[in-house]
Amino acid sequence: MAEVRAIVLRAAGINCDMETEYALEQAGAKAECVHINRLIEDKKLLEQFQIIVFPGGFSYGDDVAAGKILANQIIHHLSEPLQKFIDDGKLVLGICNGFQVLVKTGILPGNGSAKQEAVTITYNDSGKFEDRWVYLAPQTGKCIFIEPGRQIYLPIAHGEGKVVTKDEAMLEELKAEGHIAFKYVDENGEEGDYPINPNGSMGSIAGLTDSTGRVLGLMPHPERHVRPTQHPRWSRLYKIGGTRDEGRETRDADGTTIFNNAVKYIQKNF
Amino acid sequence: MKQWRFEVFNRAGFADVHGASVLEEIKELGIHSVEAVQSATVFLIEADPSTPRLRSGQAALGTGFDKDFARRLGKELLTDPVCEEYYIGRSRAPAGLAKATLIEVHLKSGVTDPVAESVMTAIADMGVEAGNVRTARKYVLLGDITPSQTDTIAKKILANDCIEEVVIGNEAEPPSSHLKPYELQIVHWPIRDLDDDGLIALSKEKDLFLNLVEMQTIQKYYQQLAKEPTDIELEAIAQTWSEHCVHKTLKSSVDMSIDGKQVHFDNLLKETVFNATKELNKKWCISVFVDNAGVVEFDEDSAVCFKVETHNHPSALDPYGGSATGIGGVIRDPMGTGLGAKPIANTDIFCFGEPDKKLEDIPKGVLHPRRIMKGVVAGVRDYGNRMGIPTVNGAIYFDDRYLANPLVYCGNIGLMDKHKCFENPQSGNLVIVVGGRTGRDGIHGATFSSGQMTHEYETIFSHAVQIGNPITEKKMLDVLLQANKVGLYEAIADCGAGGLSGAVGEMGKELGVEVNLEKVPLKYAGLNYTEIWISEAQERMVVAVKPENLEAIMKIFDGENVQATVIGKFTGDKKLTLRYNGQEVAKLDMEFLHEGIPKYSRKAVWKTPQLTEPSIPEKNNYNKQLLQILSSYNVASKEWVIRQYDHEVQGNSVVKPLVGVNNDGPGDGAVIKPKFDSDKGLAISCGMNPMYGDIDPYWMALAGIDEAIRNLICVGGRVDRIALLDNFCWGDCTKPETLGPLVRAAQACYDGAIAFEAPFISGKDSLNNEFSCEDGTQISIPSTLLISAMSLVDDIKTCVTMDAKKASNLLFIVGETKNELGGSHYYKIHGQLGANVPKVDLETAPKIAGKISAAIADGLVASCHDCSEGGLAVALAEMAFAGGLGIEADLRGLPKAADCSRIDTQLFSESNSRYIVEVEPGNYDAFAKMMLNLPFGQIGKVTEEKTLVIKARDGKAVIKLDLDSLKQAWQKPFDW
């Protein structure tokens, strides 16, 4: 089986790189955190990898708008190698700030400039940064990162996570074309107001995918739920009534599905 | 140069979140005539249209910053394509019937503007060069308001006078910040011929905060040298000798009178707090009280270090900037400990005035406590979150004596290589300053924080406020960790209090050092040599590097665009030599600078206050009192604060600050898992209760220690690896009656550390937390001792949380309930203080902690919660609503002292060393066997009914409340 190589892109203010690298390694990839300057210096460097992750953080302090300065840097210095990466059938994952970067470069939802100028991510309705856990319901069967039908539980930690479209028509178009990867739902899978939808996203959108299904961006952090003890209620769930339940301890933590699926896809297709 | 002005607004139909929050705050001020607020961002960009566009390594592309490029910039960079639109030039007030007032807030000249820096970089990425970028915020207030209301809104909500300038109306714009370059002029401050009055006048005039004896000592030194000091020499001495940097009060000799009985200390700290650590002599303590942070062993390869600092004075003036640089500063402590640690967790403890205080009751020169609280929380949030360090533990206390002197404690824990806990600078090493540039911000921070605040401080000491830029610090952290990993430097220090003077001076203490001040990179021109040396500009660290490693370390720094500059070298001549453009501006003996400070001797008095217990009639039912305590600011849920902090970044969280069935119950301690490849954990907690100090600071300190330890034990921390930190925040300790309580507390620290075998590993003090009001009244904070604690967890999978887990499980209480309502919340809601302060039985308390810890490690415990503010009733209520399960308790099962017969005492007494433990019926025997010979009893069980019932004597319920009402009472105060 081919070695799966994943690159976790670092830049000034990125801060979820190490745990993302760990999550990828757990899934079986050989992962590496690389600073964006190295990619700009050596445009061929990216060719060695099959997965690129834009991790969470506050790239360049989220100055002007979240992810904006890093997106601008990518547009002006890395457009070509990144487009080739996608065209080669490789995988792109953007988490939190990384999702914001993918939207602000136009890589998500993709498909040319019409959507690029019609979809954005902006300030939470609550007007503040929040760290809380959310349930996510998958909305598409064609995004290779997603296990169809499996509702997952992950934390969000952001101040600018509200997905907004220019108008209702664009929202309908995203739905119709299968761009919506995850929606925020409650424990029973129902959409709802704050805090079920923690930032006021239109259509409860938590994540988007492109037309190929090989690019995924999402606000919640899958890399923060790759061990059972990261679940906020693990001491209730895995110790039923106070006694440890070994069976449940070994169940995959929800965030691992995204990394496992990515690694499996590369193993199968490269 | 042409200046382009861009205004960026929200598009119609998209919410202006920032404007809406400003409107809400205006209403909170009591101004109701403002109907709407529109906010906009202003970018002022200077560019030369004739400079051709360049791409590195390529030919010029077309013309430079022309109108076409300006439009592209507006569209592609400055504006969100969906939500925003831009306007080039100055937009007019919106048309319509409502009167519009325009306010612009600009940064004062010289204040760091991180957004502007990012925009410069982004414009360069687009292939164009911009000369200078500034940003501002514009507000359009719609509605009929008077000029004085406009002024109030601008001052109280929109701008901070320390760092920002307000422009009201349409036309004017503050001048650009171009400053004249500095021309060297060496200044002497003659001292040799001054009389005592002259010495005091000099100290005062130059804000040196040195007393007469210190000034005389300095005078003598210069008389011997037969020269006059330069300004920079006196500034360096004042900074090195400041209370903030050397803790002269705590190290002074003290003559203490305790109720008339005399006690003498040669060195207060050495004979109390330090002495406990020395006597305990734990081999897992690696480096204590010597470095920036205390270091203890974590496992075979790693160590952890912990430091807690205060940033009180700056936070009083600029809550956002003050707390941000507080957390930014304490993060650099572990980064500068040994050869550097990786920061893995933050803690934050604040003390404020009560947030519902009326505006007219706020003294002049003081910000409203609600504004302080919101600003402080936002500052910690923005800095901590951007650094990617989880904020895992904290507390907030409210008391009106913190009105003018809010306390902002920021802590940081770092993980480091066990073999890199000590540094070793050598002669010939180069001095390199890394990170941010030096500006005028933070001048006199160290000396300023050593003095008292007055209503005039806002104007006089505005320059002491520092401006933080977390991304600069994060970039610096990233490269320093890489350089540390390959061993490219010999020593590291952070520029905290005293700036380069503190960092380089301390590092070169044994060797001697020479520095060329003109080499220090500046934010802007115009700084003189003294300003460069003492500026407390943030995000700077100093490393000592062997010349042969210079190239390799610079490659790492350059590789991630981190500025680093060689500014001098370590000499071996034991002198501090400072030059500017080759001319000597200072030469001081290191020995005089660091050891020359005259020893203080202080007087302290403690008189046990004559207090009595109030007489409160007994009742049949205490529902109302329980709800009232749950709704008191100190007890109420702090979820509003906690959720704004990222407590999960780095993926190391095990026990989060919010726990329970709805993730919203009050966790006791936090547990993190510092290493990806190990299930070993670190428990983190704090303890503090200033109200007990009003009765006796000795018992306050012990209660703080006991509480911090309880919080560790409750989540599964080991009892034999507890490390403590002390942070004393006191009033003016030149007053014997203020120093007396501090001595009492220090004695308690010794007793507590010895009893629990828990050494203190680091500490800090902030004295002079007093405020002189305009009318001459003096407000002093209550004696406030924060105890922070950490311990190891052998296997994180054994950790427990405080939420009730399962109906039919049994509830035990371990620890005796005594007649100790003094300083309690029960008395507080009755407006009483009382006399019976909770004490700590130093023999039993460690035993209880040990047994509970063992029971948790053995898997016998389903949940565990300690009794603290509000006593047993509050603890049971919290366990019930956090778990979403009912509790039925019976006070007849309570192990209690003979004089603890009253029901209200049993419910609300805040006796220490008490744990409520939930045990599965199957584990009853094993648990009971373990608790043998300790005061413990079964007080009830967990039930399906969502009700808390507490029964008393005859089986009648004295409390019966449904979980929703309890939780609502607890959540309501900070439902902001």
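A: What follows goes through one chain as a whole and then turns to some single residues of another.

This is a predicted model, in which local features need pLDDT of at least 70 and side-chain atom pairs count only at pLDDT 80 or more, while totals for chains, interfaces and linings use all residues. Residues are numbered from 1 along each chain as its sequence is written, chains are lettered from A and ligands numbered from 1 in the order in which they are written, and side-chain values use heavy atoms, leaving out hydrogens and water.

Chain A contains 10 helices and 11 strands, where helices (H or I, at least four residues) and strands (E, at least two) are DSSP runs numbered from the N terminus. Its radius of gyration is 18 Å, close to the 18 Å that the globule rule gives for 270 residues, so chain A is as compact as a globular protein of that length; the radius is taken over C-alpha atoms, and the rule is 2.2 Å times the number of residues to the power 0.38. Along its principal axes, the C-alpha trace of chain A spans about 55 × 45 × 35 Å.

Of the 270 residues of chain A, 68% count as buried, meaning under 20% relative accessible area, with exposed over 50% and partly exposed in between (1.4 Å probe, protein chains only). Among contacts in chain A between residues at least 6 apart in sequence, 78% join residues at least 24 apart, a contact being heavy atoms within 4.5 Å.

Over all chains, the structure holds 0 disulfides, a disulfide being counted as a pair of cysteine sulfur atoms within 2.5 Å. In chain B, the sulfur of B:Cys864 has its closest cysteine sulfur in B:Cys714, 3.7 Å away, which is too far for a bond, and B:Cys864 is buried, with a relative accessible area of 0%. For B:Cys867, the closest cysteine sulfur is also in B:Cys714, at 9.0 Å, again too far for a bond, and B:Cys867 counts as buried at 0% relative accessibility.

Another buried residue is B:Ala758, at 0% relative accessibility, which lies in the loop between α26 (736-756) and β30 (760-766) of chain B. Leaving aside residues up to four places away in sequence, B:Ala758 touches B:Leu280, B:Ile722, B:Leu724 and B:Ala753. The C-alpha atoms of B:Ala758 and B:Ala789, which are 31 residues apart along the chain, are separated by 9.2 Å.
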